[in-house]
Amino acid sequence: HRAVAAAYRVLQDEGLVEVRGRSGVYVGQQERLGGGLLAETARWLAGVMTDAWRRQIPLTELHELLRRCTAQARLRMACVESNQDQMTAYCTELSELFGLDAHPVYLSAGGDGAEEQGRLRAELARADLVVTTRFHVARVQRTAGPDKPVVVVTVHPHIVEAIRREMERGELVVVSTDPEFAERIRAMHSAGPGDEGRIRTVAAGDREAVERISPDRTVLLTLAARTALEGIRLPATIPHSPTFSPQTARELAEAIIRLNLRADRLVAGGA
């Protein structure tokens, strides 16, 4: 009860709910500013502007500073992975939320020969920034070299917590397009011998099996599987976005700023 009450206080502070004593908790009225700007967004933006004031950055220069740090160059990003489900989620988020020109670079299972290594080297050479997971980081860093920025993705803790809760309830159902993704979930979230039996996998291509999933289960449904199953009614799903942890988002933001400022200096030097 204390945890729920604390959560309601946070939501009330953000203006999302109204706590009316014994009457209950109600969705808050979301006043809009400037023809469509939610009050919550306006408060966030006011915080950004206040931070700029503390650093003595004139508000009239804030827009130009953001442009120089984020939009000076269209950055080409190589996303290196070996399964379709993670690749789809990562490239979508990198493109839509970070504005990167995301290019998938698939690694074949066990393929580390000269031809495969040459293909990987050529793909990474064309990229400004490389994103991968801990499963491939050693190979990627060895191939990319010390001067190429490499960000190693970690998953948002909310997703990890939701997966753990479902396993504690008895069973986590994973619906994915690639069997490797399901095996990776087992490897990442099985804390003991009994945990593997708490993870059941269903292939998105097996529509009959998907339709047989009990409606009282919460499903880990990948973005690639969701696209493949368009039109099929599914149980409640674990939110897949944001996929990246705050730490990963921070590392990406810092890399984007560094690369844009470098491009800005090159443009200024050329002029």
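Predicted model: local features only at pLDDT ≥ 70, side-chain atom pairs only at ≥ 80, totals over all residues.
**Entry: overall extent**

Along the principal axes, the C-alpha atoms fill a box of roughly 65 × 65 × 35 Å. The protein chain has 271 residues, and buried ones make up 36% of them. I then took the contacts between residues at least 6 apart in sequence and found that 61% of them join residues at least 24 apart.

**Entry: nonpolar cores**

Next I asked which residues of the largest nonpolar core touch the most other members. This core has 18 residues, and the ones in question are Met77, Tyr90, Leu94, Leu100, Leu129, Val131 and Leu252. I traced the core back to its elements: strand E5 (76-81), helix H4 (84-96), strand E7 (129-132) and helix H11 (246-270) each supply at least two residues. H4 gives the most, with five residues.

Leaving aside residues up to four places away in sequence, Tyr90 touches Cys79, Glu81, Thr133, Val153, Thr243 and Phe244. I also found a second, separate core of 12 residues, with Val175, Ala209, Ile213 and Leu221 among them.

**Entry: the cavity**

Rolling a probe the size of a water molecule over the atoms shows where empty space is left. I searched the whole structure this way and recorded one cavity of 30 Å³ or more. The largest cavity holds about 250 Å³ of space.

Which residues lie nearest its centre? I noted Val155, Ile159, Phe181, Leu220 and Thr243, out of 17 residues in the lining. H4, helix H7 (157-169), helix H8 (179-189) and strand E11 (219-221) are the elements that give two or more residues to this lining. I sorted the lining by class and got 11 nonpolar, five polar and one charged residues.

**Entry: salt bridges**

Side chains of opposite charge can pair when their charged atoms come close. I counted 13 salt bridges and looked at three of them one by one.

Glu18 and Arg20 meet through their side chains at 3.5 Å, N to O. Glu18 counts as partly exposed because its relative accessibility is 30%, and Arg20 is partly exposed too, at 41%.

Asp51 and Arg54 form a salt bridge at 2.6 Å, N to O. Both lie in helix H2 (residues 39-54), three residues apart, which is about one turn of the helix.

Glu123 pairs with Arg126, with the closest N and O atoms 3.3 Å apart. Glu123 is at 19% relative accessibility and so counts as buried, the limit being under 20%. Arg126, at 48%, is partly exposed. Last, I noted that salt bridges with shared partners join Glu81, Glu180 and Arg184 into one network.

Definitions and conventions:
Residues numbered from 1 in each chain as written. Heavy atoms only, no water. Core = buried A, V, L, I, M, F, W, Y, C linked by side-chain atoms within 4.5 Å. Buried < 20%, exposed > 50% of the residue type's maximum accessible area, 1.4 Å probe, protein only. Helix = DSSP H or I, 4+ residues; strand = E, 2+ residues; numbered from the N terminus. Contact = heavy atoms within 4.5 Å. 1 Å grid on protein atoms, 1.4 Å probe; cavity = no way out; pocket = protein on both sides within 12 Å on 5 of 7 lines; lining within 4 Å. Points joined across faces, edges and corners; volume = space filled by probe spheres on them. Nonpolar A, V, L, I, M, F, W, Y, C, P; charged D, E, K, R; others polar. Salt bridge = Lys/Arg side-chain N within 4 Å of Asp/Glu carboxyl O.
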